[in-house]
Amino acid sequence: MVLMEGRRKITELMLLLLLLLIGCSASQIQASSENEPDAIFYEPFSESFEGRWIVSSKDEYKGVWKLSKSEGHDDYGLLVSEKARKYAVVKDLGKAVSLKDGTIVLQFEVRFQNGLECGGAYLKYLRPQEAGWKPEEFDNDSPYSIMFGPDKCGSTNKVHFIFKHKNPKSGEYVEHHLKEPPSVPSDKLSHVYTAILKPNNEVSILIDGEEKKKANFLSAKYFEPALIPAKTIPDPDDKKPEDWDERAKIPDPHAVKPDDWDEDAPMEIEDDDAVKPEGWLDDEPEEIDDPEATKPEDWDDEEDGVWEPTKTDNPKCSLAPGCGEWKKPMKMNPAYKGKWSLPLIDNPSYKGIWKPQEIPNPSYFETEKPDFEAIAAIGIEIWTMQDGILFDNILIADDEKAAESYRLTTWKPKFENEKEKQKAEEEAAGLSDGLSGFQKKIFDLLYKIVDVPFLDAYKPKIIDLIEKGEKQPNITIGIIVSIVVVLLTVVFKILFGGQKPKVTVPETDRPAAAETSNTQGSSEEKEDESEKEDAAAPPRRRPTRRET
């Protein structure tokens with residue numbers, strides 16, 4: 001009896017301990033869920049993506065996706081593993097996410113482990129499959145609502161933000177591109193890209209948590225084309241009258257060439273006042289046979305001809321004003337006037353530049369909010385010349401604080417670790433006083449300057465210069481001078497008007513990459529048109545000094 005009573009008490013004690021253990025576990029789970037920020041969708045790639053993400057079966061997408069660790073970390077991501085390939089993979093969200101109400105945050109990390117010269121690394125947020133696409137056939141034409149992320153190739157260097165919107169009048173889906181988007185960071189570190197869609201019709205673009213661009217969806221100032229079309233458009237059927245004269249000036253029919261106008265006078269004449277410099281060596285040639293040149297042992301006079309030594313500069317000429325026959329230099333002819341032509345006068349028949357008349361735009365509509373299509377999948381559809389692109393921590397949330405929390409816990413530690421490692425490598429290579437110091441600040445400032453709107457036409461070439469300077473810190477001064485020339489030229493144009501001046505910016509040494517653009521905003525390969533030097537070209541002759 002005592003034995004049975006003991007067993008009963010032991011059983012009750014074990015049950016009590018089990019209940020206590022379950023209770024503690026539940027409390028920990030609840031506390032964990034309370035501390036973890038809410039996310040509509042989150043993909044950390046902590047396990048195999050196969051079966052969860054669908055790789056496109058289209059023949060053009062031959063690039064192989066791999067689950068891989070980020071260099072220097074134990075953190076995994078989705079890796080672009082091969083160069084010069086097209087890639088396409090998609091993840092169904094299970095439930096469509098509305099973009100119409102409240103705040104929506106789109107965020108992801110990407111790292112260019114081998115740098116990025118030509119390629120895209122953006123995400124497409126796709127409409128539901130009822131819009132006419134299948135995951136297995138995901139491609140460039142699959143309908144998306146938003147495309148967001150970095151793209152760099154040739155003159156393209158931007159963080160895209162493109163949204164597609166259905167015109168309620170025409171029924172057409174129109175792509176609206178963010179004007180003057182921020183540039184892509186030009187290093188091999190992990191960066192996090194964030195787009196915050198707000199209920200007040202604004203979107204904010206953040207890079208590494210720092211706001212780089214803010215735009216209003218309804219303002220024509222920020223998107224091209226504007227979401228709300230123009231009220232009127234040029235009449236396509238209007239034709240310019242045959243007698244419409246657009247010439248502001250015409251040749252004066254009554255003008256007569258002056259009698260003293262000599263069209264045959266040369267532009268330059270000999271300077272009769274010029275005197276041969278003292279010490280000029282008339283009898284010395286500018287070049288002499290190279291005394292160190294020797295006839296090759298395998299030279300055959302019968303087959304190769306008579307051997308002649310190569311020429312070299314005459315050392316006597318370097319000590320004198322010049323060598324050879326002296327000739328008087330040329331100067332501008334004061335009597336030169338050139339070919340005479342009729343002067344221009346105001347055209348009495350001038351009517352101005354003809355434009356077709358404006359008619360009401362049949363596609364015009366008004367709206368107080370964008371009518372975004374819901375997103376039901378996330379796709380990566382890119383073409384790139386680089387491998388080593390790593391995507392990670394893809395997030396959709398309805399709270400800015402949640403996105404910030406993920407940045408601080410997933411991206412920030414990696415980024416700081418990578419920066420420290422980069423700094424150590426620079427110090428080991430003797431670059432600690434170079435680009436990582438004063439010059440780094442200069443280039444960071446130049447990247448901010450290049451985003452100024454009135455420099456948009458020159459942005460690709462300026463960025464090309466900055467990137468060359470980052471790779472070759474010893475030419476920083478030259479880079480700054482070149483960019484200052486561009487800035488002064490633009491300012492001159494703004495102050496004095498006229499046609500846009502043509503600015504010549506020094507070209508970089510790296511091969512020209514293909515420019516990227518298509519209807520979906522993705523990168524496409526074009527042929528490299530850079531020319532190769534002719535190794536067999538003869539050396540240039542030393543300039544003559546006879547006219548000095």
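A salt bridge is taken here as a side-chain nitrogen of Lys or Arg within 4 Å of a carboxyl oxygen of Asp or Glu. In this predicted model, the count under that rule comes to 23 salt bridges.

The salt bridge between E60 and K86 has an N to O distance of 3.5 Å. It too connects distant parts of the chain, with E60 in the loop between strand 2 (54-55) and strand 3, and K86 in strand 5 (residues 85-97), 26 residues apart. As for accessibility, E60 is partly exposed at a relative accessible area of 39%, and K86 is partly exposed at 29%.

K295 and D301 form a further salt bridge, their closest N and O atoms lying 3.2 Å apart. K295 counts as partly exposed, at 40% relative accessibility, while D301 is partly exposed with a relative accessible area of 41%. Elsewhere, salt bridges that share partners join D75, E109, D392 and K414 into one network.

Which residue is buried yet has no salt bridge? That residue is D252, for which the nearest side chain of opposite charge, K249, is 11 Å away. Because a salt bridge requires the nitrogen and the carboxyl oxygen to be within 4 Å, K249 at 11 Å does not qualify as a partner for D252. D252 sits in the loop that runs between strand 17 (249-251) and strand 18 (268-270). Leaving aside residues up to four places away in sequence, D252 touches L342, P343 and I345.

D74 is also a loop residue, placed between strand 3 (65-69) and strand 4 (76-80). Is D74 buried or exposed? With a relative accessibility of 64%, D74 counts as exposed, since the threshold for that class is over 50%. The C-alpha atoms of D74 and S46 are separated by 10.0 Å, and the two residues are 28 residues apart along the chain.

Notes. Residues numbered from 1 in each chain as written. Predicted model: local features only at pLDDT ≥ 70, side-chain atom pairs only at ≥ 80, totals over all residues. Heavy atoms only, no water. Helix = DSSP H or I, 4+ residues; strand = E, 2+ residues; numbered from the N terminus. Buried < 20%, exposed > 50% of the residue type's maximum accessible area, 1.4 Å probe, protein only. Lys, Arg positive; Asp, Glu negative; His and termini not counted. Contact = heavy atoms within 4.5 Å.
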